[in-house]
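Good morning, colleagues. Please turn to the structure now on the screen.

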Amino acid sequence: MILEQIVRHNIRHLTPYSSARDEFKGEASVYLDANENPYQLYRMNRYPDPLQWKVKTALAAMKGVDRERIFLGVGSDEPIDNVFRVFCEPGIDNVVSIDPTYGMYGVAAEINNVEYRRVLLDESFDFTADRLLQATDRHTKLIFLCSPNNPTGNCLNRNEIIRTVRQFNGIVVLDEAYIDFSGQPSFLGELDRYPNLIVLQTLSKAWASAAVRLGMAFASADIIRIMNKVKYPYNINQLTQDYVLQMLPEKEQVKQWVDVLLREREKLKKRLSELPCIEKLYPTDANFILVKVADADAIYRFLTEKGVIVRNRNAVSLCAGCLRITVGTPEENRTLTDTLQQFQ
């Protein structure tokens, strides 16, 4: 892969917006360069670091990745949209993805006027590189994979992921939003080997920080530089940066949460399997379980009326009759199964 050949021509030659905080880096006693209000109540009158170097330094130490290989976005949705704008010429290029998977890939494609090609998973919710690559052509710039996959919950075959990355002459985006709940290793350790790989992770799941909206993209320094050209200047606000710097040292607490959720996942699977309305439980490597039920729409309505909210996936490809159930606290899980027991 030659990166310059797959980046959009106008992006390749784009001169990015240069903010005041791009042009001056460091500390000073007087800031008169950014037209900020010099007065303040809560120390939020100054623009934040546009490249979030303190946060990236802390993440780099935790993830074992150079900070120049990290892009931070407003959730994972921002880097997903960013790669469309970097690599895909609207109305000309296309992307390929597995189906079913996270719905935002398709939405971002529509927003950017890029053809979105779906390749159905097999009956085990897995894929082969051969079938996926058969859907590509010379205008295919991106392949999206999600592992563990949403909404199915399973990890995709690692060897097939590697084959896809090796054989595709474009960018492979691997979404690892749920990797903390999986026994499979992250692909972060493979970045040096595969310069066309982008790995997405998030603080929304295991790190219990969904409201903060911080997503991470890890890739080669060359790809990250191009993504930074396209992003909005101050995309990560100071409140988020401060929170993340306070949260990252709590990795032992996060590990404890994950351990508890994995134990609860097994307990929940057992209790669900004993209910007459449950027809099948699918294997999961995430913090949720995809279950096939007797009547997905009816059970979803019943649970909603009882104040228990799950996700109805009945209309999703290969998920007919299925609900997606997040693993909650022991009390929440018990409320769910007790409520399901009442369904007639």
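Strand E9, residues 288–293, is largely enclosed by the rest of the structure, because five of its six residues are buried. Buried here means under 20% relative accessible area, with a 1.4 Å probe and protein chains only. Strands are DSSP runs of at least two residues labelled E, and helices are runs of at least four labelled H or I, numbered from the N terminus.

This is a predicted model, in which local features need pLDDT of at least 70, side-chain atom pairs count only at pLDDT 80 or more, and totals for chains, interfaces and linings use all residues. Residues are numbered from 1 along each chain as its sequence is written, and side-chain values use heavy atoms, with hydrogens and water left out.

I turn to the partners of E9. Two strands pair if DSSP finds at least two bridges between them. Strand E8, residues 278–281, pairs with E9 in the antiparallel sense over three bridges, and a hairpin of six residues joins E8 to E9. Within this pair, Leu281 stands opposite Val291. Strand E11, residues 322–326, runs antiparallel to E9 and is joined to E9 by five bridges; there, Leu290 faces Arg324.

The open sheet has four strands in the order E8-E9-E11-E10, with antiparallel pairing. E8 and E10 (311–312) stand at the edges, each with a single partner strand, so one side of each is left without a neighbour in the sheet.

Definitions and conventions
Buried means under 20% relative accessible area, exposed over 50%, partly exposed in between (1.4 Å probe, protein chains only).
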